[in-house]
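Here is my note on the model, as numbered points. Please read it with the structure open.

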Amino acid sequence: MPSEVLWYIIPREGAYPWEPEGRRPVDLGYLQHLAGTVERLGFSGALLATDLYDVWPLGSALAAATSPRFQPLLAVHPGLISPTLLAKTALTFDTLFGGRLRFNVVNGSTTTLREYGLTVEHDERYELSAEYWSIVKRLTAGEVFDHQGRFYDLKGAGASFGDLKPVQSPHVPLWFGGSSEPGIEMAARHVDVYLTWGEPPHLLKEKLDRVRERAAAHGRTLRIGLRLHLIVRDTEDEAWAAADRLLDVTSEETYARRLGVGADEDGVGWQRQFRQHGGRVPAHARELETHPNLWPGMSLFRPGPGTAVVGSTAQVVERLKEYEDLGVDTFILSGNPLLEEAYRVAETVLPKLGVRG
């Protein structure tokens, strides 16, 4: 049984939200309803991912509409604001909403970060991240300190926080995924939950073994989380037909845009994912099956994690338990549309994982 199963919430969502006609209007009431449903169905929270819409207003709105059982995991890029300001914002959030904030550390890409005036190449991003999050951890643990490093020179950091004290111990938790050696090293030293995208189990085992080895070298152990899409139906044929439908409704412009981005992306995790489909748009979804029921085709449509488990309820559960056998104890799941598929997954998959709403 997994320790946690989270869902996924993003403002631009729908049956195939990468196309305008497949997208619901952005509506706060609907998003709050979605968060409340996710909570009632038994998910422990949701990943609020990077998108056109900032995660802090969204996270605050959803936390205000749910109970402390709903724990938002906010995707945050290090370096875009001061680590002291981020820590103050985090402590404020936890004070107002009962200590349920978690950070999904997103290192992004060199191209994306340049838009915000941050010019750091691949390996340097992880050096920045390590320094940034070590500061945030200390501040959200209630420390007051001076810091002089490569990227930050702080005097009396945390001294102005006054009665704004930590709610969580020892600090606001960090969740993070990185597949390169610098990314794995950063995770081994600093984070609480190591996140990975879906890959064939033999490839994922190699990576997780490396992560555990490096964490042990620093006297640490990490929880392991896995981010997956699900296309679960009553039968395997119905599930693959649903995947075929996604191929059919996606425009040539979307394929060209996503494959163009993928070819230039400098993230190792994205490169590992890109190799699974090789930049090829198949006539039928199952042509890209890399392991029983494992389909990397979602990355043809959308940024970020793009692997789906496609199959009947029994097959999807079998694949998830296969990942559990590798040491995965936390799942972040999604399906399109988010509301309808949250119900489907909660009614079919979650009970077989021992999770009940």
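1. Which residue's side chain meets that of D209 in a salt bridge? The partner is R212, at 3.8 Å from N to O. A salt bridge here is a side-chain nitrogen of Lys or Arg within 4 Å of a carboxyl oxygen of Asp or Glu. D209 and R212 both sit in helix 7, 3 residues apart, about one turn of the helix. An α-helix has 3.6 residues a turn, so residues three or four places apart point the same way. D209 is partly exposed at 35% relative accessibility, and R212 is partly exposed at 33%. The cut-offs are: buried under 20% relative accessible area, exposed over 50%, partly exposed in between (1.4 Å probe, protein chains only).

2. Some ground rules. This is a predicted model, in which local features need pLDDT of at least 70 and side-chain atom pairs count only at pLDDT 80 or more, while totals for chains, interfaces and linings use all residues. Residues are numbered from 1 along each chain as its sequence is written, and side-chain values use heavy atoms, with hydrogens and water left out.

3. Overall form. The chain holds 12 helices and 12 strands. These are DSSP runs, numbered from the N terminus: helices are H or I with at least four residues, strands are E with at least two. The C-alpha trace spans about 60 × 40 × 40 Å along its principal axes.

4. Of the 357 residues, 57% are buried. Contact means heavy atoms within 4.5 Å. Among contacts with a separation of 6 or more, 74% join residues 24 or more positions apart. The accessible surface is about 14,700 Å², and carbon and sulfur atoms own 51% of that area. Areas come from the Shrake-Rupley method with a 1.4 Å probe; for residues, only the protein chains shown count as cover.

5. Charges. The chain has 38 positive and 47 negative charges, with mean positions 4 Å apart. Lys and Arg count as positive, Asp and Glu as negative; His and the chain ends are not counted. Each charge is placed at NZ of Lys, CZ of Arg, CG of Asp or CD of Glu. The salt bridges number 24.

6. Helix 6 and its link to helix 7. Within helix 6 (residues 181–190), the buried residues are G183, I184, M186, A187, A188 and H190. They pack against strand 4, helix 5, strand 7, strand 8 and helix 7. E185 forms a salt bridge with R214 at 2.8 Å, N to O. This pair links distant parts of the chain, from E185 in helix 6 to R214 in helix 7, 29 residues apart. E185 counts as partly exposed, at 23% relative accessibility.

7. A buried pair. K207 and E199 form a salt bridge, their closest N and O atoms 3.6 Å apart. K207 is buried, with a relative accessible area of 6%. E199 is buried too, at 4%.

8. A buried charge to check. E19 lies in the loop between strand 1 (4–9) and helix 1 (28–40). E19 is buried but has no salt bridge. R257 is the nearest side chain of opposite charge, 5.8 Å away. Leaving aside residues up to four places away in sequence, E19 touches V249, T250, S251 and T254.

9. Backbone points. Two cis peptide bonds deserve a look. One runs from S169 to P170, with omega near 0 degrees; P170 is in the loop between strand 6 (153–157) and strand 7. Another runs from N336 to P337, with omega near -5 degrees; P337 is in the loop between strand 12 (330–334) and helix 12 (338–348). N293 is not a glycine, yet has a positive phi of about 70 degrees. N293 lies in the loop between helix 10 (268–277) and strand 10 (294–295) and is buried, at 3% relative accessible area.

10. A glycine in helix 9. G260 lies in helix 9 (residues 252–264). G260 is partly exposed, at 33% relative accessible area. G260 and G279 are 19 residues apart in sequence, and their C-alpha atoms are 8.9 Å apart.
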